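Okay, everyone, thanks for coming. Let me put the structure up, and then I'll walk you through it.

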Amino acid sequence: MAFIPHTPHDIAGMLEVIGAHSIDDLFDEIPRELRAGTLGLPPAMSEMEVVRLLRARAASDGRPMNFIGAGAYEHHIPAPVWAIATRGEFYSAYTPYQAEASQGTLQVIYEFQSMICALTGMEVANASLYDGASALAEACLMAVRANRAANARRILVPRSLNPTYAQVAHSIAGNQGLVFESVDFDRATGCTLLESLEPYSGQDVTALVIQQPNFFGNLEDPQALAEWAHRNKILVIAVVNPISLAVLKAPGEWGADIVCGEGQPLGVPLAAGGPYFGFMATRMQHVRQMPGRIVGRTVDVDGRPGFSLTLQAREQHIRRSKATSNICTNQGLMVTAATIYMSLLGAAGLERVAAACLQRTADLVAALGKIPGVKPAFTTPRFHEAVLLLDRPVAPILAALARRGIIGGLDLAERYPELGNALLVCATETKLDADIDAYAGALADIMNPSRAAAQGKCDA
Amino acid sequence: MPDLQAREPLIFELGKPGRGAGTQFPPHVAGSAEIPAQLRRASAPPLPEVSELQVVRHFTRLSQMNFSIDTQFYPLGSCTMKYNPKVCNSLAMLPEFIDRHPLGPEPQGFLACMYELQEMLQEITGMQAVSLTPMAGAQGEFAGVAMIRAYHRARGDSGRSEIIVPQAAHGTNPATAAMCGCSVKEIPCDANGDVDIEALQAAVGPATAAIMLTNPSTLGVFEHKIVEVARIVHEAGGLLYYDGANLNAILGKVRPGDMGFDVIHMNLHKTFSTPHGGGGPGSGAVGVGARLRPFLPIPIVGKDGTNFRWLTERDLPQSIGRLSGFMGNAGVNLRAYIYMRLLGRDGMVRVAEFAALNANYLLQRLQAAGYEAAYPERRASHEFIITLKRENRLYEVTAMDVAKRLLDYGFHAPTTYFPLLVPECLLIEPTETEAKEDLDRFCDAMIAIRREMEQEPEKLSSAPHTMPVRRLDDVRAAKQLDLAWKPAA
């Protein structure tokens, strides 16, 4: 029997101790009329059969070359990261409520919190939230609690923010009366300008969200935006990419009050969308408004240092309906992986990764921009993504690239119709010259079939 | 001021300037791309500078300070700490799955797995449709209550904003209601652990949005009067929410949909054996009856002919929306799918059968050893509650003392002080994957602890004695906040 260790002898002995005739007797408190019939499920499979099934399905999905970012980024993941994170002692442990028997997990989280503080330039970080998008939703709710100067529960959300993040923030926080007001971006620079915030000067606003780099990959001028917000008693929520923080000014230095973001780039695989983790950091003055678990360093009765969950009075199992959030987990395993990743790379390694991302994206934009009918939408300084404008609809081009095993980017037609035929592309340190050449060659052939024909190729 | 040097140093303290794990650094890339000076970081972030071997040793050592299912019996009530099959992880880590970007062309092999998972969960719960997108039980709960609100609003019945929860409810239930902008009305349970029907009747009315229930309840017993509860709430115009925390107890025996529930969330990390990972990631799939189907959170996997695709707001315009940046904890869902295929139809039913057998056996043996059941007249479901109020009076030991002493005997502690309404309680859930010998060893430890209570109670009050640390000063942790390492100034 799958994962059931009982022998017939065990079963008989146990039933005798219980004083029951059969296992079925143990369910005699469930009303007869409610009892389920046979389930319409497939029969059991052996491990070997399941391995064959899953390998076949994986093989049918193939391994295309990917040039999409848009919130999830392909990076090299060092072998030790998952070799250690999937050790049973991390993988199959529960939440560290019994601190004495969970010092490993607790110390990992403390080290993680320290590393997030180091990257963001903030004083405190939590043990993580579900993902970057839901972390922003929680940051908005936190801002309502933290900003006593505002009453209106209004959050300013630039359109240059990842549009899914805005949707998720609305789904999660909208029920508590938060209103999200969209702030347009400048068509020339692909950034949020001070002018577009001016209409809100002097108004009752809770927080301004600033994504750096923004959804288009462009670098905003966050300091100017944050200064405007603080002049107007508005809190600043930064949404940042942790890899970029190896080279970009820390949000703690440019005026963010709450920092959150997607932690996936730190050693977590793309995995078709999850599990990832969200991180959150803030200034000490707001720590009691922060949601999620927090680990603190303390001492035991002998004065020996140790770690435990702390500030639990904010959480659901104590505060119930008055808790800061209903969240009760963090993304512990992903945080373990990220802590190992950051330890291996260190500041120097992360800087190297960030520099390679920057250069590879510049190379990609240069290579694709040479193709007739393709040009970059913005010339603003960027990190590792860029918007390209095509002279024709993007979807058929992407479909043709996919047939050649290339995932060529994200079509922005639905999300940003005002940009026209816009394509969001990304290249990280994982893309080598040959990969960029392969993409550029394929795109040139597809955009210009006569070129392909002249070279004796055809678009399969 | 005590020395804060832990037995295993912090990773930061192992480093030295100039050291690093060189092979993990990507090669230098020639070129002139640069960040403008005013946006650049002035000084490097204070991260560890350590070798690869130092990293491997440090985190391996830390792992060894944890209790886990792979190393210990872990009878943590309400958490369903069953064996996590290794193959679920190894197959979910196949390169085609883990290297897949979520926004590329829809991968048919992966989506086939997700589609079949939706169908299997639907069948097991007796629901009409399932969304896999919530990323944990608490988010599944949020989705459930948000759907209930959306349903009432869509019918123009917008005055319904009250959620009824029994006193014994998990803390997330009231916290979730609040996150959805609802108020909470708590109702008592009777002496047998069932919902107090009179109190329920008095509580329902035109403001009732729903009742949130766990069945078997957090008291570890099956709610006898569930059909009556469903009738009362439905007649008052409210809906029934099933908290799937305890689904392990009833797999294949009774289905929430058949009990009258309109919406359920499932903790795939409990019942369907995806790893707890030291506190996540979980997955909180939601299932709904016909009334709530249009409001499901997106995306969901749909099927056009033989082609699988993500259904979005275009397909479900009344959806409560997106709860994650992409499609929830996809890799966790994949592990649950693999688990379900391994078990199949008969294996699923055996989960509940052997979870119940183990729980009832353990309950009988502990009672025989002198421990008091909180609900002695009732069958255990997949878990049960022991109350130590008598021992507390006689020997001044607490449930926490027993929990900590169990660590010394090599067992993870049961859940303590939950549910809140049973004094000095231990909530014990052995799960179906434990062998009789392990249950017997646990009973032996509990018998030995009972002897210690009577003869040397200080062994309990000062436990644990064999862990990396002894009891921690939580008051100090909360008052003298030390939440991050900082480099020496």
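Before I talk about who touches whom: two residues are in contact here if their C-beta atoms, placed from the backbone, lie within 7 Å. And keep in mind that this is a predicted model.

So, how many residues of chain B are in contact with chain A? It's 168 residues of chain B, and they meet 164 residues of chain A. On the chain B side, the element that gives the most is helix H11, residues 330–368, with 21 residues. Sort that side of chain B by class and you get 95 nonpolar, 41 polar and 32 charged residues.

Now chain A on its own. We've got 15 helices and 15 strands there, and the C-alpha atoms fill a box of roughly 80 × 65 × 50 Å along the principal axes. Of the 460 residues in chain A, 60% are buried. If you take the contacts in chain A with a separation of 6 or more, 73% of them come from residues 24 or more positions apart.

Next, the domains. Chain A is assigned domain 1, which is 65–72 + 346–454, and domain 2, which is 79–341. Their centres, over C-alpha atoms, are 29 Å apart. Where they touch, domain 1 of chain A puts in 21 residues and domain 2 of chain A puts in 19. Which elements give two or more residues on the domain 1 side? Helix H12 (332–369) and strand S12 (385–390) of chain A. H12(A) gives the most, with seven residues. By class, that domain 1 side has 14 nonpolar, three polar and four charged residues.

Notes. Residues are numbered from 1 along each chain as its sequence is written. Chains are lettered from A and ligands numbered from 1 in the order in which they are written. This is a predicted model: local features need pLDDT of at least 70, side-chain atom pairs count only at pLDDT 80 or more; totals for chains, interfaces and linings use all residues. Helices (H or I, at least four residues) and strands (E, at least two) are DSSP runs, numbered from the N terminus. Ala, Val, Leu, Ile, Met, Phe, Trp, Tyr, Cys and Pro count as nonpolar, Asp, Glu, Lys and Arg as charged, and the others, Gly among them, as polar. Domain bounds come from an automatic or database domain assignment. A residue is buried if 20 or more other C-beta atoms lie within 10 Å of its own, exposed if 12 or fewer, and partly exposed in between; C-beta atoms are placed from the backbone.
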